[in-house]
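I opened this model to note how its parts are arranged, what lies inside, and which side chains pair up. My entries follow in the order in which I looked things up.

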Amino acid sequence: MTIFELKEKIEETKSDIKSLEREIKRNRESLEPRATDVSKEKVSGGSNSRTIDDVMSIILEAEKCIQRCQNKLDDYYIEVREKEEIFNKYNDKDKQLYIDKKIYKLNNAQLEIKYGIGKRGINKKISKMEKNSK
């Protein structure tokens, strides 16, 4: 995975964590006692309410998921740091070439004009950077 793909994964994982935290908050709020409006008409019928055990198991499962996401985040950060160290070994022109090719999706013809090197040279530099970052 490239640095940029890893950073996208990091953002996705952070979003997952926030979503799980909101779910936990909603479930904890559902456990809090609420006042009942006795003026309303009582309706008989089946109950769709969850038990405290059900809610607590949902909360515990969400907390386990958050912990797994945190572990994934730690792994992603370590991998990004390692790849950035490799990436920083290259000069600015090679870095910019890689970014233009992979992020901005410029084609080889555009890169040849911008950097003044041939298609073969471009592909050689890109593959060298990708090979060293794996």
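**Entry 1: overall layout.** I first counted elements and found that the protein chain has 5 helices and 0 strands, where helices (H or I, at least four residues) and strands (E, at least two) are DSSP runs numbered from the N terminus. Read along the sequence, the pattern is α-α-α-α-α. I remind myself that this is a predicted model, in which local features need pLDDT of at least 70 and side-chain atom pairs count only at pLDDT 80 or more, while totals for chains, interfaces and linings use all residues. Residues are numbered from 1 along each chain as its sequence is written, and side-chain values use heavy atoms, with hydrogens and water left out.

**Entry 2: whole-chain totals.** I looked up burial next: buried residues make up 24% of the 134 residues in the protein chain, with buried meaning under 20% relative accessible area, exposed over 50%, and partly exposed in between (1.4 Å probe, protein chains only). The accessible surface of the protein chain comes to about 10,300 Å², of which 49% belongs to carbon and sulfur atoms; such areas come from the Shrake-Rupley method with a 1.4 Å probe, and for residues only the protein chains shown count as cover. Of the contacts (heavy atoms within 4.5 Å) between residues at least 6 apart in sequence, 71% join residues at least 24 apart.

**Entry 3: helix H1.** Which residues of H1 are buried? I listed Ile3, Leu6, Ile10, Thr13, Ile17, Leu20, Ile24 and Asn27. From this list I picked out Thr13, which is buried with a relative accessible area of 5% and touches Cys69, Leu73 and Tyr76, not counting residues up to four places away in sequence.

**Entry 4: the nonpolar cores.** A nonpolar core is here a set of buried Ala, Val, Leu, Ile, Met, Phe, Trp, Tyr and Cys residues joined through side-chain atoms within 4.5 Å. The largest one has 13 residues, and those with the most contacts inside it are Ile10, Ile17, Leu20, Ile24 and Ile66. The elements that give two or more residues to this core are H1 and helix H2 (52-87), and the largest share, 8 residues, comes from H2. I followed Ile66 and noted that, leaving out residues up to four places away in sequence, it touches Ile17, Leu20, Glu21 and Ile24. Apart from this core lies another, of 7 residues, among them Tyr98, Ile122, Ile126 and Met129.

**Entry 5: salt bridges.** How many salt bridges does the structure hold? I found 5, a salt bridge being a side-chain nitrogen of Lys or Arg within 4 Å of a carboxyl oxygen of Asp or Glu.

In one of them, the side chains of Arg28 and Glu63 meet at 2.7 Å, N to O. Arg28 lies in helix H1 and Glu63 in helix H2, so the pair ties together parts that are 35 residues apart in sequence. Arg28 is partly exposed at 43% relative accessible area, and Glu63 is likewise partly exposed, at 32%.

Another joins Asp94 to Lys125, with the closest N and O atoms 3.1 Å apart. This pair links distant parts of the chain, since Asp94 is in helix H3 (residues 92-102) and Lys125 in helix H5 (residues 119-133), 31 residues apart. Asp94 counts as buried at 13% relative accessibility, whereas Lys125 is partly exposed at 30%.

I also noted Lys114 with Asp100, where the closest N and O atoms are 2.7 Å apart. Lys114 lies in helix H4 (residues 108-115) and Asp100 in helix H3, so parts 14 residues apart in sequence are tied together. Lys114 is partly exposed at 48%, but Asp100 is buried at 3%.

**Entry 6: Glu21.** I returned to Glu21, which lies in helix H1 and counts as partly exposed at 43% relative accessibility. Glu21 and Glu63 are 42 residues apart in sequence and 8.1 Å apart in space, C-alpha to C-alpha.
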